[in-house]
Amino acid sequence: MESVGTLPPDALSRAVVEIEKHVSSAGWDQPAQLFALVPTGELLRAEPQLAAKLGAEDASQPLTPVAQGELPGGVDDDNLADTLGRIEWPDGVAGCALAIERIVLPAAAESGLSSVESDAELARLAGSDPRRHEVRMVAAVLREGDRFGAVRLRAHDEDSAVLTGVDLVPTLCEVLSLTFEPSVGSRSGAGSEVDGDDEERRP
């Protein structure tokens, strides 16, 4: 397998930008989507037919995102870590990425909701707050620990306005890193197979 060490330094950031553009091309109000990140050179050698299907004709893009579909069990904040913690990747997967939409409130607005007990009521109040921002976040991690993220605001839905950075979505990246933790006993979940049937790498 091509080791992560042989990947160029910008491999992860390029994959994140590609995933964000791909997901954004389908518009808003989408479910969370999980991607395996496979070294393109290894994919071309081991699975040339799958590589062709994913649009990875050459290794100009070091990492090929392979869509894994929607996450099982939903992706509410309360169970996201638990859901991702059940996922195991095969050795050929160098990293993974998650694209997810959220409503973000300024700190002043969040403090006013601290007494709300029901998740449904919290979602209703957050969704109706005029200070809210709807965002799409893409978080990605490599097996070896590298992290990168991207954020697009619905109010500024332009490629040129997408924010990117290593420390942009640290919590999501931390949760994603759980998928590369050593398993305890037998676990199963989405992402245990690299499946290229759901959608193509390049739209």
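Me: Is Asp29 buried or exposed, judged by relative accessibility?

Reply: Buried means under 20% relative accessible area, exposed over 50%, and partly exposed in between (1.4 Å probe, protein chains only); Asp29 counts as exposed because its relative accessibility is 59%. This is a predicted model, in which local features need pLDDT of at least 70 and side-chain atom pairs count only at pLDDT 80 or more, whereas totals for chains, interfaces and linings use all residues. Residues are numbered from 1 along each chain as its sequence is written, and side-chain values use heavy atoms, with hydrogens and water left out.

Me: What is the phi of Asp29, and where does the residue sit?

Reply: Most residues other than glycine have a negative phi. Phi of Asp29 is near 60°, a positive value in a residue that is not glycine, and Asp29 is placed in the loop between helix 1 (11–24) and strand 1 (33–39), where helices (H or I, at least four residues) and strands (E, at least two) are DSSP runs numbered from the N terminus.

Me: Which residues does Glu101 touch, leaving aside those up to four places away in sequence?

Reply: Contact means heavy atoms within 4.5 Å, and on that basis Glu101 touches Gly27, Trp28, Asp29, Gln30, Val135 and Arg136. Glu101 itself lies in strand 3 (residues 95–104) and is buried, with a relative accessible area of 18%.

Me: How far is the backbone nitrogen of Gln30 from a polar atom of the Glu101 side chain?

Reply: The distance is 3.1 Å, while the side chains of Glu101 and Arg136 are joined by a polar contact of 3.3 Å (a pair of N or O atoms within 3.5 Å; within protein, one must be able to donate a hydrogen and the other to accept it, and residues adjacent in sequence count only if both atoms are side-chain atoms).
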